[in-house]
Amino acid sequence: MDVKIRCVVVDDEPLAREGLLRYIERIDWLELVGECEDALGLDRCLRECAPVDLVFLDIEMPLMSGVDYLSTLERTPMVIFTTAYEQYALKAYELDVVDYLLKPISFARFLKGAVKARELLSLKRGVADEGRDYIFLRSDKKYHRVNFAEICYLEAVENYVKVVCDKSVILTRGTLKGLLAELPARSFVQIHKSVAVNLDRVEAVEGNMVVVPGAVLQMSRGYREGMIGRL
């Protein structure tokens, strides 16, 4: 699959930005769509340059750190942290970023991180392929292949989505709305602001309760009509 990655560089140091821009120019499948010096600039870039696939994000910046800004987003593009500080590595892991590059950054190390992002994007875009009946979900630094038929329901949990399957539960970073956009609409329907079900796994609907294997889920009034219409 030919993957072109639209990326943004964020760093308050002009020389650091210039170095990353030179690296991007050397990689033909990276497309620079924006550069900025702080979190406010990034916020503007994400709106004006959409879609943005990948952000090379500095951490310690004026007004708001990269970590703090990333924590405010409901749905994030892929992020590679670029920083001179090691102490944010654990937080980066919690935020499920693609990579953590320590300055000074060599081209070889930059390329390694970019390749990781390309592989992840290839997996995500592959879901749209005709006949595809599975999705790859990122959790615990791994990509888990999950067949659509195995999924019973999805539940939003703060900045993550809990994907409950027959024999496993996977917690992946993102929003319920974002994950539903990557799943076949014919099979998955939202029944609550924080819950969606696989119609193929629904065993019964009684009042405002939806029964799936291993769980009884509450359906909100506003989603009931849409759910009943899909049965």
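This is a predicted model: local features need pLDDT of at least 70, side-chain atom pairs count only at pLDDT 80 or more; totals for chains, interfaces and linings use all residues.
## Salt bridges between parts of the chain

Side chains of opposite charge can pair when their charged atoms come close. In this model the count of salt bridges comes to ten. One of them joins the side chains of Glu-31 and Arg-6, with a distance of 3.8 Å from N to O. Because Glu-31 belongs to strand β2 (residues 30-36) and Arg-6 to strand β1 (residues 5-10), this pair ties together parts that lie 25 residues apart in sequence. Glu-31 is partly exposed, at a relative accessible area of 30%, and Arg-6, with 21% relative accessibility, also counts as partly exposed.

Another salt bridge is formed by the side chains of Arg-109 and Asp-99, where the distance from N to O is 2.8 Å. This pair links distant parts of the chain, since Arg-109 sits in helix α5 and Asp-99 in strand β5, ten residues apart. Asp-99 is buried, with a relative accessible area of 8%, whereas Arg-109 is partly exposed at 28% relative accessibility.

Asp-58 and Lys-103 form a salt bridge in which the closest N and O atoms are 3.5 Å apart. Here the two partners come from loops: Asp-58 is in the loop between β3 (54-57) and α3 (66-72), while Lys-103 is in the loop between β5 (99-102) and α5 (107-126), so that the pair links distant parts of the chain, 45 residues apart. Asp-58 is buried, with a relative accessible area of 3%, and Lys-103 is partly exposed, at 23% relative accessibility. Together with Asp-11, these residues, Asp-58 and Lys-103, are linked in a network of salt bridges.

## The surroundings of Phe-81

When neighbours within four places in sequence are left aside, Phe-81 is in contact with a list of residues that includes Leu-57, Ile-59, Val-67, Leu-70, Leu-95 and Val-97. Among the other contacts of Phe-81 are Asp-99 and Leu-101.

Key:
Residues are numbered from 1 along each chain as its sequence is written. Side-chain values use heavy atoms; hydrogens and water are left out. A salt bridge is a side-chain nitrogen of Lys or Arg within 4 Å of a carboxyl oxygen of Asp or Glu. Helices (H or I, at least four residues) and strands (E, at least two) are DSSP runs, numbered from the N terminus. Buried means under 20% relative accessible area, exposed over 50%, partly exposed in between (1.4 Å probe, protein chains only). Contact means heavy atoms within 4.5 Å.
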